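Student: I would like to learn how to read the features of a structure. Please give the general idea each time, then the case at hand.

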Amino acid sequence: MGAFRTFTDETLRETARHGSAGYPFAYYTEDIWKFDFHCVDWHWHHEVEFLYVARGTAVFRAGKERIELSRGSGLFLNSGVIHRYEADASNEIPNIVFSPSLLAPEESLIYKKYIAPVLHGGVPCQRLDPDPAWQKRILELLLEVFELQQGKQPGELRTVRLLMEIWEILGEHLALDPEQPEARHLDYRQARLQTMMQYIHDHYTEEITLENIAEAGSVSKSSALQIFRSDIHISPVAYLIQYRLSRAAGQLCDTRKSVSAIAAENGFSSAGYFCRKFRQVYAMSPMEYRKRRSYGKND
């Protein structure tokens, strides 16, 4: 199994800090295959993200979007979009995550005229390929940014200059329309989804029904089912079980509590039911998972 987890708050906002207050920019190289379930699970962040597939393949999901990314392709992910990455084999995904305020102060003319239109233009993501030419140019600039981060000397000024050029190309070629009805509908649906997910995260140790989850989002049970299946491709109850299992998996790694105690603390009606569900998802028993993860920590 994987060696990494994604940490989020109760609204699925990623809790990791990307860069610093003075320089809100971070560079990473990920192998999605090493994460639990071979995916970077559902999360969002205020920062924007650019990634490139240097080796292997990956699948990106956001709402109804499912984008298959192959070697040499990339992706722009806008601010505030709930998303997930999946892999069916080892890969290498260099990526950058940064606050738009890195490019210009929010109260400035530059931000209002050039940065904000992309952020609020109704485009949640954009696949980047070697053809057409404008996307190829963005990929070339991204590779320059990555190379800078791998150097021994700080390259903050050059990095920001490259990001500004990338942003200018995006603004010229994306179909931006902040009044787009579809964009407003996406925001409404995502807000409802986040509210229902937050309810699950707050009450997963208790007995929860589909009706409880729907009431938390002020929608009908059928609407709750539709929102979950449309946006994260899983039912509310299945997501509840998956969340309980992920919390239990964390306790298996981080505590020495018994399996029965962990099952009870995470909302499972019995240790037997917990073990069956755990094996279905992780393809091993809770104790096997604990031994493998403990072994990995000692390497």
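Tutor: Two strands pair if DSSP finds at least two bridges between them. Helices (H or I, at least four residues) and strands (E, at least two) are DSSP runs, numbered from the N terminus. The model is a predicted one, in which local features need pLDDT of at least 70, side-chain atom pairs count only at pLDDT 80 or more, and totals for chains, interfaces and linings use all residues. Residues are numbered from 1 along each chain as its sequence is written, and side-chain values use heavy atoms, with hydrogens and water left out.

Student: How many bridges join strand 2 to strand 7?

Tutor: Three bridges link strand 2 with strand 7 (residues 83-86), and the two run antiparallel. V40 stands opposite Y85 in strand 7.

Student: What is the order of the open sheet of four strands?

Tutor: The order is 2-7-4-5, with antiparallel pairing. Strand 2 (39-43) and strand 5 (65-69) are the edge strands, each pairing on one side only. For angles, axes are lines fitted to C-alpha atoms, for helices over the stretch in contact, and angles run from 0 to 180 degrees between N-to-C directions. Neighbouring strands of this sheet are turned by 15° against each other on average, direction ignored.

Student: At roughly what angle do the axes of helix 7 and helix 9 cross?

Tutor: The axes of helix 7 (residues 236-254) and helix 9 (residues 271-282) cross at roughly 95° and come within 10 Å. Helix 7 is therefore roughly perpendicular to helix 9, a term for angles of 65 to 115 degrees.

Student: Which residues make the contact?

Tutor: Contact means heavy atoms within 4.5 Å. Helix 7 contributes I241, L245, S246, A248, A249 and L252, while helix 9 contributes Y273, F274, K277, F278, V281 and Y282. By class, the contact has 10 nonpolar, one polar and one charged residues. Ala, Val, Leu, Ile, Met, Phe, Trp, Tyr, Cys and Pro count as nonpolar, Asp, Glu, Lys and Arg as charged, and the others, Gly among them, as polar.

Student: Is I234 buried or exposed?

Tutor: Buried means under 20% relative accessible area, exposed over 50%, partly exposed in between (1.4 Å probe, protein chains only). I234 has a relative accessible area of 17%, so I234 is buried. I234 lies in the loop between helix 6 (221-231) and helix 7. Not counting residues up to four places away in sequence, I234 touches F228, R229, Y239 and Q242.

Student: What percentage of the 299 residues in the protein is buried?

Tutor: Buried residues make up 47% of them.

Definitions and conventions: Angles under 35 degrees count as roughly parallel, over 145 as roughly antiparallel, 65 to 115 as roughly perpendicular and the rest as oblique.
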